[in-house]
Amino acid sequence: RDLHSFPTRRSSDLPGCDAPAHWCDAHHIRHWADFGRTDLSNGTLLCARHHTVVHRDRLTAVVRPDGV
């Protein structure tokens with residue numbers, strides 16, 4: 001898990017999840033298989049549990065000026 005791409009994040013980006021950043025995985029908001037870029041503008045941090053739920057349930061996210 002390389003969190004160097006998310007230097008200022010202290011926890012999961014999912015509202016209500018307080019998992020610390022070092023427990024989280026970097027997640028492509030637009031999946032790389034769907035031509036999503038691998039960069040900060042297309043990334044978010046999710047804990048392992050929520051990362052699994054997002055993929056299993058095919059959830060999507062909206063990026064707003066104040067966050068994901």
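How do the residues of the lining of the largest pocket divide into nonpolar, polar and charged? In this predicted model, nine are nonpolar, seven are polar and two are charged. The points below cover that pocket and then the cysteines.

**Largest pocket**

- The volume of the largest pocket is about 330 Å³.
- Its lining is made up of 18 residues, and H27, V54, L59, T60 and A61 are the ones that lie nearest the pocket centre.
- Of the contributions to the lining, the largest share is that of α1, with four residues.

- C17 takes part in no disulfide; its nearest cysteine sulfur belongs to C47 and lies 3.7 Å away, whereas a disulfide requires two cysteine sulfur atoms within 2.5 Å.
- The closest cysteine sulfur to that of C24 is also in C47, but the separation of 6.0 Å is too far for a bond.

**Burial of the cysteines**

- C17 has a relative accessibility of 13% and therefore counts as buried, the cut-off being under 20%.
- C24 is buried as well, with a relative accessible area of 0%.

How values were computed. Residues numbered from 1 in each chain as written. Predicted model: local features only at pLDDT ≥ 70, side-chain atom pairs only at ≥ 80, totals over all residues. Heavy atoms only, no water. 1 Å grid on protein atoms, 1.4 Å probe; cavity = no way out; pocket = protein on both sides within 12 Å on 5 of 7 lines; lining within 4 Å. Points joined across faces, edges and corners; volume = space filled by probe spheres on them. Helix = DSSP H or I, 4+ residues; strand = E, 2+ residues; numbered from the N terminus. Nonpolar A, V, L, I, M, F, W, Y, C, P; charged D, E, K, R; others polar. Buried < 20%, exposed > 50% of the residue type's maximum accessible area, 1.4 Å probe, protein only.
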